[in-house]
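These are my notebook entries on a single structure. I set down what I looked up and what I found.

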Amino acid sequence: MGISRAIVIHPELRMDMSTRPPEMMLAEAVRLVEAIGLPVDQAMNIRVNTPRAATLIGEGGIENIALHADEDCLIVINSSLSPVQQRNLEQKLSCKVIDRTALILEIFGERASTSAGRLQVELAALTFQRSRLVRSWTHLERQRGGGGFLGGPGERQIELDRRMLDDQILRIKAELKEVERTRHIQRQNRQRNETPTLALVGYTNAGKSTLFNVLTGADVLSKDMLFATLDPTMRGLRLTSGRPVILADTVGFISHLPTELVEAFKSTLEEVVEADVLIHVHDASSPMALDEAEDVEQVIASLGLDDEEQARRTIHVFNKMDQIKDNDLLTGLFQRYPHAVMVSALEKSGFDDLNDSIE
């Protein structure tokens with residue numbers, strides 16, 4: 001029998017500068033776990049006044065977790081853990097422990113459907129694994145099929161030494177170079193044809209894929225789930241004026257997106273950098289919409305587009321207007337983005353204004 005349930009822990013770190021309430025950070029972590037199909041048995045915030053070098057969480061917090069844990073459960077710590085902290089927590093709790101980075105990599109591993117997507121996830125996973133060659137999961141013989149971090153001691157990543165990991169990383173990078181070359185040629189062809197490219201960007205679950213489907217008539221997976229879509233999709237689209245454009249649906253962003261993923265997905269995210277217009281889709285019903293927008297803008301900035309360039313290229317779209325419950329939140333969004341367009345992708349409303357903005 002393998003891992004059958006999860007316990008989600010959000011450590012409330014005193015030095016954490018995030019403006020998000022701990023309850024919302026915990027709720028997001030729960031949704032991330034649900035995205036890999038594991039039922040969440042317990043979810044709790046644990047106050048950490050002084051992070052422990054050995055375990056991050058103090059003894060009292062570990063004892064509290066242990067009351068609910070057994071060897072059939074997965075403990076997800078919604079923070080970054082060092083290899084030593086992960087190993088020590090596993091030994092104290094006698095069950096598998098992963099951190100936020102490993103969880104997001106696991107989701108990406110399950111969602112990647114194209115060969116390029118799988119290569120990018122594998123590169124990110126190997127880079128992450130290389131930094132923590134610790135045999136911390138040998139005291140329990142538990143197996144689970146899937147993305148790579150929830151398996152047992154027989155898993156390939158844990159067995160490989162650093163030299164073998166480096167060989168694999170080099171091989172994958174070479175294959176991704178070929179992917180990058182193909183995408184570069186495709187971009188050049190679009191530029192020669194003078195076809196503008198529009199890229200949908202936004203926090204995960206903002207409704208980008210639903211909007212993409214309505215605009216293009218495509219059938220990209222759109223679910224009320226974090227990271228429902230991973231591989232970028234591109235479709236031709238004619239605006240009401242008759243002008244042809246290319247619309248790209250890109251991977252959703254999230255707070256504390258693992259740097260390994262940003263690096264591995266550079267070639268995919270180049271579609272964002274190279275796009276003529278960015279359509280930043282906001283979940284206007286989210287109480288953390290402004291913080292989520294800031295996370296997206298930070299990732300785009302890390303790709304090389306500064307604030308001025310983002311402002312020049314970006315149309316802001318407030319989606320899920322049918323679910324608005326807090327008008328004060330909407331007022332705050334409009335103060336930040338006064339020229340934004342309001343739509344409901346689900347109810348297919350507001351699209352004339354969006355079309356006008358794109359034109």
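**Entry 1: a glutamine**

In which helix does Gln 310 lie? I found Gln 310 in helix 12, residues 307–313; helices (H or I, at least four residues) and strands (E, at least two) are DSSP runs, numbered from the N terminus. I noted that the model is predicted, that local features need pLDDT of at least 70, that side-chain atom pairs count only at pLDDT 80 or more, and that totals for chains, interfaces and linings use all residues. Residues are numbered from 1 along each chain as its sequence is written, and side-chain values use heavy atoms, with hydrogens and water left out.

Is Gln 310 buried or exposed? Gln 310 has a relative accessible area of 6% and is therefore buried; buried means under 20% relative accessible area, exposed over 50%, and partly exposed in between (1.4 Å probe, protein chains only).

I then looked up its polar contacts (pairs of N or O atoms within 3.5 Å; within protein, one must be able to donate a hydrogen and the other to accept it, and residues adjacent in sequence count only if both atoms are side-chain atoms). The side chain of Gln 310 reaches the backbone oxygen of Glu 297 at 3.1 Å. A polar atom of that side chain also lies 3.1 Å from the backbone oxygen of Leu 305. Leaving aside residues up to four places away in sequence, I listed Glu 297, Ile 300, Ala 301 and Leu 305 as touching Gln 310, contact meaning heavy atoms within 4.5 Å.

**Entry 2: cysteines**

I searched the whole structure for disulfides (pairs of cysteine sulfur atoms within 2.5 Å) and found 0. Cys 73 is in no disulfide, and the nearest cysteine sulfur, that of Cys 95, is 4.0 Å away. Cys 73 counts as buried, at 0% relative accessibility, and Cys 95 is buried with a relative accessible area of 0%.

**Entry 3: aromatic rings**

Rings of Phe, Tyr and Trp (its six-membered ring) pair if their centres lie within 6.5 Å; planes under 30 degrees apart count as stacked, over 60 as edge-to-face and the rest as tilted. By this rule I counted 1 aromatic pair. Phe 318 and Phe 334 form it edge-to-face, 5.0 Å centre to centre with 70° between the planes. The pair links distant parts of the chain, with Phe 318 in strand 9 and Phe 334 in helix 13 (residues 327–336), 16 residues apart. Phe 318 is buried at 0% relative accessible area, whereas Phe 334 is partly exposed at 25%.

**Entry 4: two helices**

Helix 8 (residues 208–216) has Lys 208, Ser 209, Leu 211, Phe 212 and Asn 213 buried. I recorded that these buried residues pack against several elements, among them strand 5 (197–202) and helix 14 (351–358). Gly 217 follows helix 8 and has a positive phi, near 75°.

In helix 1, the buried residues include Met 25, Leu 26 and Glu 28. Its buried residues pack against strand 1 (5–13), strand 2 (40–48), strand 3 (73–77) and helix 4 (100–111).

**Entry 5: confidence**

I checked pLDDT, the predictor's confidence in each residue, from 0 to 100. The protein chain averages 84, and 85% of the residues score at least 70. Confidence is lowest in helix 6 (residues 156–159), at a mean of 50, and highest in strand 9 (residues 314–319), at 97. Over residues 135–146 pLDDT stays under 50. Where pLDDT is low, the predicted coordinates should not be read in detail.
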